[in-house]
Amino acid sequence: MKVSTLDKVLYPDNGVTKGDMLVHYLAVAEAMLPHLHGRPLTMRRYPHGISTEGFFQKDTSGHFPEWIETVDVPHRRSEGSIQYVVCDDAASLLYLANLGTIEYHIWTATTADLDRPDRLVMDLDPPDGVTVAELRSVARRARDLFTDAGLTPYLQATGGRGFHVVAPLDRGGDYRFVRDLAGDLADRLAADDPDRLTTAQRKNRRGDRIFLDVNRNGRSQTFIAPYSLRARPGATVATPLNWSELSRTDPDTFTIASIRRRLARKSDPWSGMDAHAASPHAVRERLDSWR
């Protein structure tokens with residue numbers, strides 16, 4: 001594969017170059033690719049580095065080489081479709097990185113059934129001033145609620161401000177069903193602590209409370225892929241965690257400089273998560289029984 005401008009600085013604060021980014025994605029490919037496999041991908045590209053305005057790209061528009069796998073997703077309310085990239089191998093991962101793709105955002109469903117998600121995602125989105133200790137406490141409460149509801153919760157440090165709590169599903173429900181289920185979980189969590197937590201969609205209604213964001217469960221919505229770099233100072237990395245690591249890990253603990261050391265000594269905490277896929281209908285029945 002032909003690569004270019006390897007010495008271009010993408011992160012001015014610490015001098016991380018495009019070449020460094022390509023090495024990162026080659027190094028994490030083995031752990032990252034299972035989480036990308038079969039999932040339509042939205043790319044966040046910064047060809048000139050994070051100090052410039054980047055852009056999101058969904059449609060490949062037919063300009064990508066034939067060996068890059070794609071999937072056509074019909075528009076819901078109009079004719080035509082969007083041709084998404086599906087990044088299933090290291091060559092595709094590096095090709096996209098060479099285009100300046102810093103962030104990889106993935107669907108909650110795969111090409112096996114694009115209409116039925118196999119992930120449920122709750123994003124813990126804190127405002128300024130919230131301590132990491134408080135955010136960790138909310139993550140644990142989300143974990144306990146997921147578990148009581150019959151889900152197996154997994155944790156991700158997003159590389160940004162918050163954490164993701166993610167549960168695998170058996171594709172038993174469509175987007176509306178899963179979105180409503182996630183919304184009810186968030187509402188129940190927020191109702192137990194309305195002074196600290198909110199599900200309000202409008203920012204001006206959230207105040208200084210942590211937003212329990214479940215919007216990523218809608219059709220064509222995405223969440224940051226495990227081991228993706230973030231377009232943030234420090235070149236942070238979205239990183240799956242064991243729950244036992246939460247007490248000593250911040251959302252932005254892992255960086256391009258540290259993630260390879262982590263993977264050298266520790267296997268991916270999300271590997272094998274599909275073996276714990278839950279039925280969303282069974283979860284709904286359990287939630288309804290609590291009323």
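## A walk through the predicted model

At 16% relative accessibility, Ser 220 counts as buried, where buried means under 20% relative accessible area, exposed over 50% and partly exposed in between, with a 1.4 Å probe and protein chains only. Ser 220 sits in the loop between strand 12 (210-213) and strand 13 (222-224); helices (H or I, at least four residues) and strands (E, at least two) are DSSP runs, numbered from the N terminus. Its phi is near 70°, a positive value in a residue other than glycine.

This is a predicted model, in which local features need pLDDT of at least 70 and side-chain atom pairs count only at pLDDT 80 or more, while totals for chains, interfaces and linings use all residues. Residues are numbered from 1 along each chain as its sequence is written, and side-chain values use heavy atoms, with hydrogens and water left out.

A positive phi is also found at Arg 171, near 65° and again in a residue other than glycine. Arg 171 belongs to the loop between strand 10 (163-168) and helix 4 (175-191). Its relative accessibility is 30%, so Arg 171 counts as partly exposed. Asp 195 counts as exposed because its relative accessibility is 67%. Its C-alpha atom is separated by 34 Å from that of Arg 116, 79 residues apart along the chain.

The interior comes next. In soluble globular proteins, nonpolar side chains tend to be buried together. A nonpolar core is taken here as a set of buried Ala, Val, Leu, Ile, Met, Phe, Trp, Tyr and Cys residues joined through side-chain atoms within 4.5 Å. The largest such core has 78 residues, and Tyr 25, Leu 36, Tyr 104 and Met 122 touch the most other members. Helix 1 (residues 18-36) gives the most to this core, with nine residues. Leaving out residues up to four places away in sequence, Tyr 25 touches, among others, Met 32, Leu 93, Leu 94, Ala 97 and Tyr 227, contact meaning heavy atoms within 4.5 Å. A second, separate core of nine residues includes Val 71, Ile 82, Val 86 and Ala 109.

Helix 2 (residues 90-98) is largely enclosed by the rest of the structure, because seven of its nine residues are buried. Among the buried ones are Leu 93, Leu 94 and Ala 97. The buried residues of helix 2 pack against helix 1, strand 3, strand 6 (81-86) and strand 7 (101-107).

Apart from neighbours within four places in sequence, Gly 54 is in contact with Arg 45 and Tyr 46. Gly 54 and Ala 231 are 177 residues apart in sequence, yet 9.0 Å apart in space, C-alpha to C-alpha.

Helix 3 (residues 132-149) and helix 6 (residues 280-289) pack at an angle of about 100°, with their axes 9 Å apart. Axes are lines fitted to C-alpha atoms, for helices over the stretch in contact, and angles run from 0 to 180 degrees between N-to-C directions. The two helices are therefore roughly perpendicular, the word used for 65 to 115 degrees. Thr 147, Asp 148 and Ala 149 of helix 3 meet Val 283, Arg 286 and Leu 287 of helix 6.

Definitions and conventions. Parallel < 35°, antiparallel > 145°, perpendicular 65-115°, else oblique.
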